[in-house]
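The structure is placed here for reference.

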Amino acid sequence: MDANANAPTRARSHRRGTFCTIVPPHVLDKLSHAEDASLADLARRTLEHDALQRTRRRITTVRGIPAARAAAPSDKPERTIYDAHRKTSLPGKKVRGEGDQASGDDSVNRAYDGLGATFELFLKAYGRRSIDDSGLPLNASVHYSEDYNNAFWDGEQMVFGDGDGEVFLDFTIPVDVMAHELTHGVTQYTANLEYFGQSGALNESMSDVFGSLVKQHVLGHSAEEADWLIGAGLLTDRVTGVALRSMKAPGTAYDDDVLGKDPQPGTMDDYVRTSRDNGGVHINSGIPNHAFYLAATALGGNAWERAGQIWFDVLTGGDLASDAEFADFAHLTVAAAHARYGEGEEQTAVQEAWAGVGITDLRARVGAR
């Protein structure tokens, strides 16, 4: 089914993108209370900037979906990288276009390669041509603001901060950070999951899932070889931690005297009820993240193939409501596994994965798509 064939309100909502950042507010909030005044100040500045951007996204009507192109979308990406020169005016100065030679700036080259790697996975694995499946150009700005501790998708393009060098390094370093943020764009053009509560956590989880799959695809790692970390390589040596999140073991990515302890739950038993972070979208995403990890490792091989295909089918299939909860998504993944692969190990693996995180009684919904 066409993802745009449902209610008219869903089609209209594609015109408004969500402001999504890779570093969760709860991490920056903890950092803003650090004894080191310089670290605390940088975190507060980032929090204030992000809060302002979120407000602007809520009250400003954006340009909307570009008109359909006359020609069929290309199998090649159309990338443009800009340098914001540590300012907040976007996009900045163009520094590399599609097919241009590599720049002398590593951030520019990493952004260019990361956009390409994300385009390649979605095309080769799922036949999707760019974020909107119509060849949408991929734009990114690097060196955004001064010591900005985040990266974000603003509904139209990618933006990367340089990090402060004390806690966070350059946000173009982990390719899964790029892919995570671009997947928010894919979600924007398909299920358009509301960014609050469980639907918001699913929105975040979809980005972690495909962010991890892009990294695995680049590295040629199987499900067994993958580290299942989001943002590995982003934290400096002074931080006691390995990444922002772990899909394999939610709650273990960091345990630091400045950043605090990773609060992600791995099962519904530890679901966090909070009014902060849009109802804990960056926290409770650990639950569907872990379900995907369990399904992918049970099936083995390349996770972007069977497990990734099932998740992609649900995201883009048109049956996933924008306000879906975890159980709704779980039912659809079991049904999608059955629809694509029949009654076999794929359906069983998905069903057992959700049971492993505390979401059960899925058999009755098989075939109910």
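The entries below follow that order.

**Basis.** I worked from a predicted model, in which local features need pLDDT of at least 70 and side-chain atom pairs count only at pLDDT 80 or more, while totals for chains, interfaces and linings use all residues. Residues are numbered from 1 along each chain as its sequence is written, and side-chain values use heavy atoms, with hydrogens and water left out.

**Overall.** I looked up the secondary structure and found 11 helices and 10 strands; these are DSSP runs (helices H or I, at least four residues; strands E, at least two), numbered from the N terminus. Of the 369 residues, 57% count as buried, meaning under 20% relative accessible area with a 1.4 Å probe, protein chains only.

**Cores.** I noted that the largest nonpolar core has 92 residues; such a core is a set of buried Ala, Val, Leu, Ile, Met, Phe, Trp, Tyr and Cys residues joined through side-chain atoms within 4.5 Å. Helix α4 (residues 106-126) gives the most to this core, with 10 residues. F168, F210, W311 and W354 have the most contacts inside the core, a contact being heavy atoms within 4.5 Å. Leaving out residues up to four places away in sequence, I listed the neighbours that F210 touches, including L121, F122, W311 and L315.

**Strands.** In strand β4 (residues 138-142), I found four of the five residues buried. Strand β2 (residues 79-83) runs parallel to β4, joined by five bridges, and I81 stands opposite A140. Strand β6 (residues 158-160) is also parallel to β4, with two bridges; there V159 is the bridge partner of S141. Strands pair if DSSP finds at least two bridges between them.

Terms used
Buried means under 20% relative accessible area, exposed over 50%, partly exposed in between (1.4 Å probe, protein chains only).
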